[in-house]
Amino acid sequence: MAGDDLRYNLTLTFEEAAFGCEKEIVISREEVCETCGGSGAKPGTKPTRCTTCGGTGQVRQQSQSILGSFVTTRPCSACRGTGQIITDPCPECKGRGRVKRNKRLTVRIPAGINDGQTLSKRNEGEAGYKGGPRGNLYITITVRPHEKFVRRGADLLLNMNIPYTVAVLGGEIVVPTLEGQIKYTVPAGTQNGTTFRLRDQGVQYLQQNGKGDLLVTVNVEIPKRVSEKERQLLEQLAQLQGVATVQKRRKGIFK
């Protein structure tokens, strides 16, 4: 009989999920008892065949109804479906044939894995019963959020503030990425909320070549205060643009 599957929740940082990594985990699982070799019987003894089920592990029961005769099968209660009776159990596993042990495993996390996805490791689950195969281990990934980036598939989303002068005149800005900073030239006349696409600056496609893109949405910063010189220049600009009225700076009553 095959062993049960195990499930494990593994939390990664944003960068670990994006670039891939190796993580060491410790799981608690059933292992074959080394003392009895998984038989459940004390060393030097052997289990005997169950006389209730004849060693099949199942019992058949026949019943009658108005529709005829029915035969049902169910696990043998005397041997618990094993087909064997242990009269002298192993002192280590108490006749179970398995013992609980901690197992340390190294898990390779592929680059590009996303939050909520599951990795499977075959034959790393619970040990089988009476020589049966092991179950599997399923590792569910949780990815911590990033302070700057939001992930959408293989693309990254970034909101970034830029000075209003750069938005109007155009200019070079420094954009953060997962692999460092890069320079990008903002075109003159950029409007608030404009999104620029930086190719191949996203996350690697899972188990594929290539990367997604970085989508940078700019927020034009309007200063709350300006210097006297800046105000004069802005008033001149307003006059050139034909703005009819510009609010004058208010003076205090003692000036």
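Glu30 sits in strand E2, which spans residues 21-32 (strands are DSSP E runs of at least two residues, numbered from the N terminus). The model is predicted, so local features need pLDDT of at least 70 and side-chain atom pairs count only at pLDDT 80 or more, while totals for chains, interfaces and linings use all residues. Residues are numbered from 1 along each chain as its sequence is written, and side-chain values use heavy atoms, with hydrogens and water left out.

With a relative accessible area of 9%, Glu30 is buried (under 20% relative accessible area; exposed is over 50% and partly exposed in between, with a 1.4 Å probe and protein chains only). Its side chain makes a polar contact of 2.6 Å with the side chain of Arg96 (N or O atoms within 3.5 Å, one able to donate a hydrogen and the other to accept it; residues adjacent in sequence count only through side-chain atoms on both sides). Beyond four places in sequence, Glu30 is in contact (heavy atoms within 4.5 Å) with residues including Arg98, Glu126 and Arg134.

Turning to the nonpolar core, the largest one holds 35 residues, of which Ile109 and Ile141 touch the most other members (a core joins buried Ala, Val, Leu, Ile, Met, Phe, Trp, Tyr and Cys residues through side-chain atoms within 4.5 Å). Among the contacts of Ile109 beyond four places in sequence are Leu10, Leu12, Leu119 and Ile141.

Key: Helix = DSSP H or I, 4+ residues; strand = E, 2+ residues; numbered from the N terminus.
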